[in-house]
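I opened the model to check a few loops, helix contacts and sheets. My entries follow in the order I looked.

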Amino acid sequence: MNLRIIVGAFLLCGVLVMPAMAQTSLPDFFSDGMVLQQQTDAPIWGMDKPFAKVKVKASWGKKASTTADARGRWKLSLPTPAPGGPYTVTIVAGNTIELKDVLIGEVWLCSGQSNMQMPVKGNANQPVIGSNEAILNSSNPKIRFYNTARAYSLQPQYNAKGEWKAANPDNTPRFSATAYFFARKINSVLNVPVGIIHSSWGASTIESWMDSVTLSAFPQVTIPAQLPEKNPNQTPMLLYNGMIHPYVGYGMKGVLWYQGESNRENAKDYTALFTAMIGAWRQQWQQGDFPFYFVQIAPFEPGTVNAAYLRQAQLRTMQQVKNTGMVVTLDIGEKNMIHPAEKETVGVRLAYWALAKNYGINNIAFSGPVFKEIVNKANGKLLLQFDYAENGLASFGKPLQGFEVAGDDGQFYPAKAQIVADKPGQLTVWSEQVPNPVQVRYAFTNWAEASLFNTAGLPASSFTTSDR
C-alpha cells in the first residue's frame with residue numbers, strides 16, 4: 001500500500017493520528033520570517049509520531065521540550081526576549097526543522113470584512129489615499145504580514161495557508177491597508193518589529209467568524225449541517241473554523257476588527273453577538289482579556305437607518321466590554337462608496353488606542369468624544385456631557401449639525417447645538433419645535449457628516465439616548 005492510500009485511509013476515517021513514518025510538521029504560520037510576541041511564553045505546536053519527544057531551541061538562548069500525545073499532536077511554550085532579531089528556532093523530533101529570520105516583537109490579529117481586507121494599493125476603481133507614496137517608502141524588514149488564504153469548513157481546522165512577508169514595494173501593495181498603516185505607526189513610535197496576522201473576507205457577517213458553541217446561545221442563528229453552495233462568508237461558523245481556529249493560542253498582543261456592514265439588517269442583535277464573539281476568542285486564546293480594538297462603520301447612503309443602529313450597537317459594545325476601543329470614522333465616510341479611501345486615518349487611529357492603552361504613551365488622545373449623559377434639562381434645552389473631551393469640544397469652524405431632539409412623544413426634530421465655553425466636554429442642544437426635550441441624538445442616519453470633535457481632531461460617535 002503506497003503512502004497516498006495510507007494517508008487517504010486515515011483522512012476518510014477521520015483519524016487524526018499520522019502514519020508511523022510521519023515526521024515533524026508545523027502549521028504554515030510557524031515558518032521562516034515569522035514574528036513571535038515579545039517577553040511572553042510563546043506557544044508553538046505541531047504534529048509528529050505518537051509519543052515522539054520534541055525539543056525546541058531558540059538562538060536567543062531558551063529551550064523547551066514536550067512529548068506528542070497519542071494522536072501525534074504536541075504543543076509547548078517558548079520564552080521570548082525583548083524585541084529584536086533575526087533569530088533562529090530549531091525543532092528536533094522525528095526530523096529537524098530550522099526556522100530562520102524569526103523576529104520578536106508585537107503581534108496583532110486583524111480580521112473582519114472588506115474594509116479590513118482592502119489592500120494598500122486599493123481595489124479596482126477604489127483608491128486608498130496616499131497609497132503610491134506608502135508603497136514607495138514601505139521597505140522595512142521589521143514590519144511583517146501573514147495573509148491568510150480564504151478557507152471555510154464545517155470542522156475546526158488546524159492550519160491556515162499563507163506566508164510571512166516583509167514590507168517592501170513588492171509585498172506591501174497586497175497588505176491590508178488598515179492593518180499596514182497601524183503596523184507602520186506602531187513600528188515608527190516604538191521601534192520594534194510588528195507582525196500582522198491578517199484574516200478577513202469581504203461581505204462576511206459576524207456570525208461567520210464565531211464558533212458553533214458560542215452561536216448556540218443565539219436561537220435565531222442556524223448552524224449549518226453542510227457546506228453552502230454559495231456565500232460561505234455569510235454562513236455562521238464557517239470562517240471561524242477555517243480562518244480563525246488555526247491561530248487560537250498563537251501569542252499576540254491583541255485583535256483589530258473592522259466589520260459590521262453585512263450586519264446592518266440585524267443591527268439589533270449585533271451588540272450581543274459582538275460581545276459574545278470577543279468573550280469567546282479571549283477564552284479560547286487563554287491569554288486574558290487582551291485588547292480588542294475595532295472600527296465603527298462609516299456613513300454610507302444606501303439602505304435604511306439600520307446603519308445608524310449598527311453604529312450604536314458598536315458603541316455600546318465598547319462601553320460594555322472591558323479592554324475594548326472603537327475608532328470613529330464619521331468624518332471620512334463617502335456617500336456612495338462603502339470603502340472609504342482614508343485607510344491611513346483608520347490605521348493611525350487604531351494605533352492611538354494601542355499606543356495609549358498598551359504601550360505607555362501618555363498625553364495623546366485616542367478616542368473621539370463619546371456621549372456620557374444628559375446632565376441638565378432646563379429652559380427647553382438639554383445639557384450634554386461627553387467623555388474623551390478633557391480639553392474640550394470643537395467644530396473647527398464648521399456649523400454644528402446632525403443634532404435632533406424629541407419630547408415625550410418620541411418624535412425627533414432638527415436641533416441647534418452650542419459648545420459650552422467654560423465647561424470642557426459639555427454641549428447644549430435645543431429646538432424651537434420641541435419646548436420640553438427629553439431625548440437627543442446625533443448623526444443618527446445612514447449618511448451623516450461629522451461636525452463634533454474633541455480638540456485633538458477625533459470625531460464624536462453618532463449616538464441616541466433612545467432605545468427605539
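**Entry 1: Val192**

I started with Val192, which sits in the loop between helix H4 (177-190) and strand S10 (194-200). I kept in mind that this is a predicted model. Is Val192 buried or exposed? I read a relative accessibility of 11% for Val192, so I logged Val192 as buried, the cut-off being under 20%.

Next I listed what Val192 touches. Leaving out residues up to four places away in sequence, I found Pro83, Glu106, Lys142 and Asn187. Val192 and Gly325 are 133 residues apart in sequence. In space, their C-alpha atoms are 22 Å apart.

**Entry 2: H4 against H9**

I noted the crossing of H4 past H9 as right-handed.

Which residues of H4 and H9 make the contact? On the H4 side I wrote down Ala177, Thr178, Phe181, Phe182, Arg184, Lys185, Ile186, Val189 and Leu190. On the H9 side I have Lys343, Glu344, Val346, Gly347, Val348, Leu350, Ala351, Ala354 and Leu355. I sorted the contact of H4 with H9 by class: 12 residues are nonpolar, two are polar and four are charged.

**Entry 3: H7 against H8**

I then turned to another helix pair. Helix H7 (residues 270-285) packs on helix H8 (residues 306-320) at an angle of about 40°. Their axes are 8 Å apart. H7 and H8 are therefore oblique to each other. H7 passes H8 in a right-handed crossing.

H7 brings Tyr270, Thr271, Phe274, Thr275 and Ile278 to the contact. H8 brings Leu310, Ala313, Gln314, Arg316, Thr317 and Gln320. How do the residues of the contact of H7 with H8 divide? I noted five nonpolar, five polar and one charged.

Setting aside neighbours within four places in sequence, I listed the contacts of Thr271 as Ala313, Arg316, Thr317 and Gln320.

**Entry 4: sheet S14-S15-S20-S19**

On to the strands. I traced an open sheet of four strands in the order S14-S15-S20-S19, with antiparallel pairing. Which strands stand at the edges? I found strand S14 (370-378) and strand S19 (416-419) there. Each has a single partner strand, so one side of each is left without a neighbour in the sheet. I noted that the twist averages 25° from one strand to the next.

I checked one pairing in detail. S19 and strand S20 (residues 426-430) run antiparallel and pair over four bridges. In that pairing, Ala417 has Val429 in S20 as its bridge partner.

**Entry 5: sheet S18-S17-S21-S23**

I finished with an open sheet of four strands in the order S18-S17-S21-S23. Its pairing is antiparallel. The edge strands are S18 (412-414) and S23 (463-464), and each pairs on one side only. How many bridges join strand S17 (residues 403-406) and S18? I noted three, in the antiparallel sense. Val405 stands opposite Tyr413 in S18.

Methods. Residues are numbered from 1 along each chain as its sequence is written. This is a predicted model: local features need pLDDT of at least 70, side-chain atom pairs count only at pLDDT 80 or more; totals for chains, interfaces and linings use all residues. Side-chain values use heavy atoms; hydrogens and water are left out. Two strands pair if DSSP finds at least two bridges between them. Helices (H or I, at least four residues) and strands (E, at least two) are DSSP runs, numbered from the N terminus. Axes are lines fitted to C-alpha atoms, for helices over the stretch in contact, and angles run from 0 to 180 degrees between N-to-C directions. Angles under 35 degrees count as roughly parallel, over 145 as roughly antiparallel, 65 to 115 as roughly perpendicular and the rest as oblique. A crossing is left-handed if the near helix is turned anticlockwise from the far one by less than a right angle, and right-handed if clockwise. Contact means heavy atoms within 4.5 Å. Ala, Val, Leu, Ile, Met, Phe, Trp, Tyr, Cys and Pro count as nonpolar, Asp, Glu, Lys and Arg as charged, and the others, Gly among them, as polar. Buried means under 20% relative accessible area, exposed over 50%, partly exposed in between (1.4 Å probe, protein chains only).
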